[in-house]
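Morning, everyone. Please have the sequence and the model open while I talk.

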Amino acid sequence: MRADCEAEVLARDARELVPPPFGIATQAVYAGVLGSFLYGYMLCHLNSCGDFISLYFRWCDSDLETNCLQSQINGGLINAILYLGAAAGALLIGRPFIVQCGSRNQLIISDAFFIIGGFLGGAAQSLNWLLLSRLLSGVGLGISAIAAPLYIAEVSPVECRGFHSAKHGLYIAVGLLAAELVGLPQDPPPGLTELNSYYWRLIMALPMFVAALQMGLLRWDVPIDPASFLVQQGKMQEARTILYRTYGLPSPGSRWTIGLQNVQVAKLELRLQDLAAASAEAQAIQRITIAQAIGDPYLRCSLIVGFFLASYQQLTGINALMAYSNGLFAQAGIPSSFLTLASVGMCVVNVMVSVLSTKLVDSLGRRTLLLWGATAQTLAMAAMVYFVKFLPATLHGIGAFSFFSLFVVSWNYGLGAITWLWLSEVYPMEIRGPALSACGVIKWLSCFTVVLGARFLNLHSSCVVFGTVSGIGLIGMWLWVLETKGCDMEDSPMTPRSERSNSVLLGPGALNSPRTEYAEMKD
């Protein structure tokens, strides 16, 4: 009896596809998340050095003052122009010549923009240098913010795609923390000491080195393209090899792929043929524009919900809060010598919770985390409004630190970690590139508006505005966002393959696929 049970377990194990814990997919993911790190770093590294840049260029004609109107305008422009560049980058990534490069090469292109932008920022001689630096870095950010989660999702085995994709949010949080930590060696304001007069250049130049590292890894160390991209390029044998290596199986055709592993081989060949069929369908259809897709009832709902989610992610004010957290903490009564330390503490809590969220994505699901996160964001801002309005000023500092930390943590494990994973899962191959590009443009234009406008909000009005937006968006997600946990990227609940016949643009698309032999082996 025991022998029969053991034989059954071995047979089941032989049938299961289990990727190795640190296989080539994991290595590629860790190269890809450097783009996520740059995303987080670029959002708030000016938070710790912006005042010293103002003093260095004497925008207030003072050695101590940094809060004059000219400094507010210049600081707001330097912060916000990053997001105009990001909108341009998101628009660029939807162009056919960039789409054809694949997500790995898109990350390499973004690294080139980060390197040039980082160099100009570190060597800046005027406001125009800073603006150009941030604009070019923004283009890199706009490309990377789409390419990084897409690359991670595409290269990850379906069995652990949620776990790997959540690392995008985790490393955004690590980048946010690094941006605050790197500012700690500076002397506290006010005043421009010898250290502060040059240290801001190091903070501005740091992305150049991280981008160069990622470029080297993706170009030479782990030059791994997703199997789906290789199939689109007609490189079936390379795609097969990558797919087998992803699951730790020997090269196809080897004697080790015979015997107990024949069921695993059959499953992989089925996946490969599914990718080939989806690629053939996509190539048989002329390029679809977003305007055409909106008019297709099969695609319209997923696009509208995607646009809503992309804009909502930024309209909650997360980037404004991270960019101006020192100023908001100062309004709450935290002493100037502890402002950066308070921001660091907020980011540390964020990283700790982000580590937990990587383990929850595949168990709790995307929709659940989005709803929980938005609920906590709304409650955090409501509580902060109550503190500012009704409690003594002596409590505002601890309230700001506690509730802003809760807000940032909730955003990160919800909207931060899940939004682009969800978006990358819901669009069929035919429109995935243009759809993600359009979502990226909407996201960054929303962010530009929020970051520039928030420069002129105080503590109370910021909490009211961002709390209200969080609450409204929560209702929208509850109504429109469907769960995508465990779904195939070509068969999501928003665009199921079973309903493709309803599509005006995609049509029946029922191409014959040599699946019969493999299906029989699988059974």
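How many salt bridges does the structure hold? Three. Keep in mind that this is a predicted model. I'll take the bridges one by one.

Start with Arg 104 and Asp 225. They form a salt bridge, and their closest N and O atoms are 3.0 Å apart. Buried or exposed? Arg 104 and Asp 225 are both buried.

Next, Glu 154 and Arg 432. Their side chains meet in a salt bridge at 3.9 Å, N to O. Again the pair links distant parts of the chain, 278 residues apart. Glu 154 belongs to helix H7, residues 127–155, and Arg 432 to helix H21. Both Glu 154 and Arg 432 are buried.

Last pair: Glu 425 and Arg 366. Here the N to O distance is 2.7 Å. Glu 425 lies in helix H20 (residues 396–426) and Arg 366 in helix H19 (residues 366–390), so to speak of the link is to speak of distant parts of the chain, 59 residues apart. Why does Glu 425 count as buried? Buried means under 20% relative accessible area, and Glu 425 has 0%. Arg 366 is buried too, with 1%.

Now the overall picture. The protein has 23 helices and zero strands. Of its 523 residues, 57% count as buried. Look at contacts with a separation of 6 or more: 81% of them come from residues 24 or more positions apart. The accessible surface comes to about 21000 Å². Carbon and sulfur atoms own 64% of that surface.

Leu 69, Ile 73, Leu 77 and Phe 456 make a nonpolar patch of about 380 Å². Phe 456 is in the loop between helix H21 (429–454) and helix H22 (459–480).

Let's turn to one helix, H14. It covers residues 297–315, 19 residues in total. How many of its 19 residues are buried? The count is 14, so H14 is largely enclosed by the rest of the structure.

Check its two ends. At the start of H14, a side-chain oxygen of Asp 296 comes to within 2.9 Å of the backbone nitrogen of Tyr 298. Just after H14, Gly 317 takes a positive phi of about 90°.

Now zoom in on Gln 314, which is in H14. Gln 314 is buried, with a relative accessible area of 1%. Its side chain has a polar contact of 3.2 Å with the side chain of Gln 313. What else does Gln 314 contact, leaving aside neighbours within four places in sequence? The list is Tyr 39, Asn 319, Trp 411, Lys 443, Ser 446, Cys 447 and Val 450.

To wrap up: three salt bridges, 23 helices with zero strands, and H14 with 14 of 19 residues buried.

Methods:
Residues numbered from 1 in each chain as written. Predicted model: local features only at pLDDT ≥ 70, side-chain atom pairs only at ≥ 80, totals over all residues. Heavy atoms only, no water. Helix = DSSP H or I, 4+ residues; strand = E, 2+ residues; numbered from the N terminus. Expected span 1.5 Å × (residues − 1). Buried < 20%, exposed > 50% of the residue type's maximum accessible area, 1.4 Å probe, protein only. Polar contact = N/O pair within 3.5 Å; in protein donor to acceptor, adjacent residues only side chain to side chain. Contact = heavy atoms within 4.5 Å. Areas by Shrake-Rupley, 256 points an atom, 1.4 Å probe, with all protein chains shown as cover. Patch = residues over 30% accessible without salt bridge, like charges linked within 9 Å, V, L, I, M, F, W, Y side chains within 5 Å. Salt bridge = Lys/Arg side-chain N within 4 Å of Asp/Glu carboxyl O.
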